[in-house]
Amino acid sequence: MTKKERAAAVTELLKSVYPEAVCALHYTHDYELLFATRLSAQCTDARVNLVTPALFARYPTLDAFAEADVAEAEPEEIEPYIKTCGLFRTKARDLKACAMMLIANYGGRVPDTMEELLKLPGVGRKTANLILGDIFGKPAIVCDTHCIRLSNRLGFVKNAKDPVK
């Protein structure tokens, strides 16, 4: 069986076992998924889903995020809402900066290309692929440590840690 055939077989098996597989993060707006994904770094989706209702209630629009009080010397206004997600100072700065950039550069819309998504603060290939696939329905593979580990175990790659491979 070739790698391509094995990959197709694994895909079909996964579809049969998980017929309604969807993103575990809860969101209403495209930017909320973007922000929730940022919060999920080094954190569980379950924890993020506990945090985001209050966060999105306090900041119901991109403008509200962009206007959040952020001062380098003082605790940021966003931080208390996301503290339990870990790395909260960096994540709070990223959320605010991302909101400002979405408003200033993209008319308040989440961009639909890898190149533009990667320009946003805190957005890497994994997050960009999630947005491209879940929001825009484009072919994308959300590749993280688990995907890399399984790809090696299934023999699709040989000792590779490069998500592109």
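These legends describe close-up views of a predicted model. Local features need pLDDT of at least 70 and side-chain atom pairs count only at pLDDT 80 or more, while totals for chains, interfaces and linings use all residues. Residues are numbered from 1 along each chain as its sequence is written, and side-chain values use heavy atoms, with hydrogens and water left out.

**View 1. Aromatic rings form a cluster.** A search of the whole structure finds five aromatic pairs. Here the rings of Phe56 and Phe65 are edge-to-face, because their centres are 6.4 Å apart and their planes lie at 70°. (Rings of Phe, Tyr and Trp, the last by its six-membered ring, pair if their centres lie within 6.5 Å; planes under 30 degrees apart are stacked, over 60 edge-to-face, and the rest tilted.) Phe56 is buried, at 11% relative accessible area. Phe65 is buried too, at 0%. (Buried means under 20% relative accessible area, exposed over 50%, and partly exposed in between, with a 1.4 Å probe and protein chains only.) Ring pairs link Tyr31, Phe35, Phe56, Tyr59, Phe65 and Tyr81.

**View 2. The largest pocket holds about 1,800 Å³ of space.** Rolling a probe the size of a water molecule over the atoms shows where empty space is left. (On a 1 Å grid over the protein atoms alone, a pocket is an open set of points with protein on both sides within 12 Å along at least five of seven lines, where a 1.4 Å probe fits; lining residues have an atom within 4 Å of a point. Points are joined across faces, edges and corners, and the volume is the space filled by probe spheres set on them.) The lining has 40 residues, and Ile141, Val142, Cys143, Asp144 and Cys147 lie nearest the centre. Helices α1 (3-17), α8 (125-134) and α9 (145-153) each supply at least two lining residues. Helix α8 gives the most, with seven. (Helices are DSSP runs of H or I, at least four residues long, numbered from the N terminus.) By class, 23 lining residues are nonpolar, nine polar and eight charged. (Ala, Val, Leu, Ile, Met, Phe, Trp, Tyr, Cys and Pro count as nonpolar; Asp, Glu, Lys and Arg as charged; the others, Gly among them, as polar.)

**View 3. The second largest pocket has a volume of about 190 Å³.** Its lining includes Thr37, Arg38, Lys126 and Thr127. Helices α2 (30-39) and α8 each supply at least two of the lining residues. Two lining residues are nonpolar, six polar and two charged. Thr127 sits in helix α8 and is buried, at 9% relative accessible area. Leaving out residues up to four places away in sequence, Thr127 touches Leu34 and Thr37. (Contact means heavy atoms within 4.5 Å.)

**View 4. A salt bridge joins Asp94 and Arg38.** Side chains of opposite charge can pair when their charged atoms come close. The closest N and O atoms of Asp94 and Arg38 are 2.8 Å apart. Asp94 is in helix α6 (residues 88-106) and Arg38 in helix α2, 56 residues apart. Both residues are buried. The structure holds five salt bridges. (Each has a side-chain nitrogen of Lys or Arg within 4 Å of a carboxyl oxygen of Asp or Glu.)

**View 5. Arg58 and Glu77 meet in a salt bridge.** The N to O distance is 2.4 Å. Arg58 lies in helix α3 (residues 45-58) and Glu77 in the loop between α4 (62-66) and α5 (79-82), so the pair ties together parts 19 residues apart in sequence. Arg58 is partly exposed, at 36% relative accessibility. Glu77 is also partly exposed, at 28%.
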